[in-house]
Amino acid sequence: MKLATYQNNTRDGQLMVVSRDLSRAVAVPQIAATLQQALDNWAQAEPQLQQVYIALNQGEADGAVAFDATRCHSPLPRAYQWADGSAYLNHVELVRRARGAEVPESFYHDPLMYQGGSDAFLPPQAPIPLRDEAWGLDFEGEVAVVTGDVPLGADAAACAGHIRLLMLVNDVTLRNLIPNELAKGFGFFQSKPATAFSPVAVTPDELGDAWQDGKVHLPLLVDYNNAFYGKPNAGVEMQFSFPQLVAHVAKTRELVAGSIVGSGTVSNHDRSTGSCCLAEQRMIEIIDSGAAITPFMKVGDTVRIEMKDAAGHSIFGAIAQTVVKHD
């Protein structure tokens, strides 16, 4: 099934069930007022939501309205946890090569991960506020999962059963703030402002055969300033599956329902697929010619992130954002 959250002047918005073709939606306050409430009571809420979803797809849901992605917040406007991995090692390898550094052997069997800010996400079609263009604003196209409760120490096989939903991600990054932060030896913070997620979150079964081995085997489509920028396949060269990423978090802590775990920037070795972030193109330029040419985002720039099924239908709706000046 497909779920969304409409903005309604509350912190957590209003849960909506969305039709498979993204044409209709219906509120379900009798089941759950918010997505977090549904996740907290998934065993009871999920079958009821499925019944509404079936009725909605058959044109039989009372109170259904035309789905409006511009009304959407991120499916979880805020979350108890947002942990982002870096599962596509081609991205890591390019960044390291551009710096003249080797990729440590441990990176191939132990995931990289950082703790993102989860107290306030951006709506998927809201502007990206930027205070200073010198900070090096970049987009990062990713995929993420939303979990149920995950016990401490759960292995990947167990974690697979705790994945409730999938979403797309724009993991906004301020690249020029990263070096000084990492030099302190304590990780990202100011360089990772608010993230945006796709208008719609979907259960894994909505992906059909594209959901295999805990990976999404479909291209992630990125347009930058209304032109093609990338279409790498999210299921190709993903070193760590989502169950493995969730298990990495669960090694030392429990995850509560509504925790979000991201894949990191989707990236393929095949350069013809393009990129999902500006930094990757800049690293290629450094490797090939010794200098980065591609500038970072500036006020007025736009990015669109989407994923379509084999028939060309949008699965999650689109993240579509414009950079605006924030004083």
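1. The side chains of Thr-173 and Glu-140 are joined by a polar contact of 2.5 Å; such a contact is a pair of N or O atoms within 3.5 Å, where within protein one must be able to donate a hydrogen and the other to accept it, and residues adjacent in sequence count only if both atoms are side-chain atoms. The side chain of Thr-173 also reaches the backbone oxygen of Asp-171, at 3.1 Å.

2. On the basis of the note: this is a predicted model, in which local features need pLDDT of at least 70 and side-chain atom pairs count only at pLDDT 80 or more, while totals for chains, interfaces and linings use all residues. Residues are numbered from 1 along each chain as its sequence is written, and side-chain values use heavy atoms, with hydrogens and water left out.

3. Thr-173 belongs to strand 12 (residues 173-174); strands (E, at least two residues) are DSSP runs, numbered from the N terminus. With a relative accessible area of 0%, Thr-173 is buried, a term that means under 20% relative accessible area (1.4 Å probe, protein chains only). Apart from neighbours within four places in sequence, Thr-173 is in contact (heavy atoms within 4.5 Å) with Gly-136, Leu-137, Asp-138, Glu-140, Ile-178, Ser-191, Lys-192 and Pro-193.

4. Lys-192 lies over the face of Phe-188, 5.2 Å from the ring centre. A charge sits over a ring if NZ of Lys or CZ of Arg is within 6 Å of the ring centre and within 35 degrees of the ring normal. The charged end of Arg-282 likewise sits over the ring of Phe-296, at 4.1 Å from its centre.

5. How many aromatic pairs does the structure hold? There are eight aromatic pairs; rings of Phe, Tyr and Trp (its six-membered ring) pair if their centres lie within 6.5 Å, and planes over 60 degrees apart count as edge-to-face. The centres of Phe-121 and Phe-197 are 4.8 Å apart and their planes stand at 75°, so this pair is edge-to-face. Phe-121 is in the loop between strand 7 (113-115) and strand 8 (128-130), and Phe-197 is in strand 13 (residues 196-197), 76 residues apart. Both Phe-121 and Phe-197 are buried. Ring pairs link these two residues and Trp-82 into a cluster.

6. Phe-139 and Tyr-229 form an edge-to-face pair, because their ring centres are 5.6 Å apart and their planes are at 80°. Phe-139 lies in the loop between strand 9 (137-138) and strand 10 (141-147) and Tyr-229 in strand 18 (residues 227-230), so the pair ties together parts 90 residues apart in sequence. Phe-139 is buried, with a relative accessible area of 0%; Tyr-229 is buried, with 15%.

Methods
Phe/Tyr/Trp six-rings, centres within 6.5 Å; stacked < 30°, edge-to-face > 60°. Helix = DSSP H or I, 4+ residues; strand = E, 2+ residues; numbered from the N terminus. Buried < 20%, exposed > 50% of the residue type's maximum accessible area, 1.4 Å probe, protein only.
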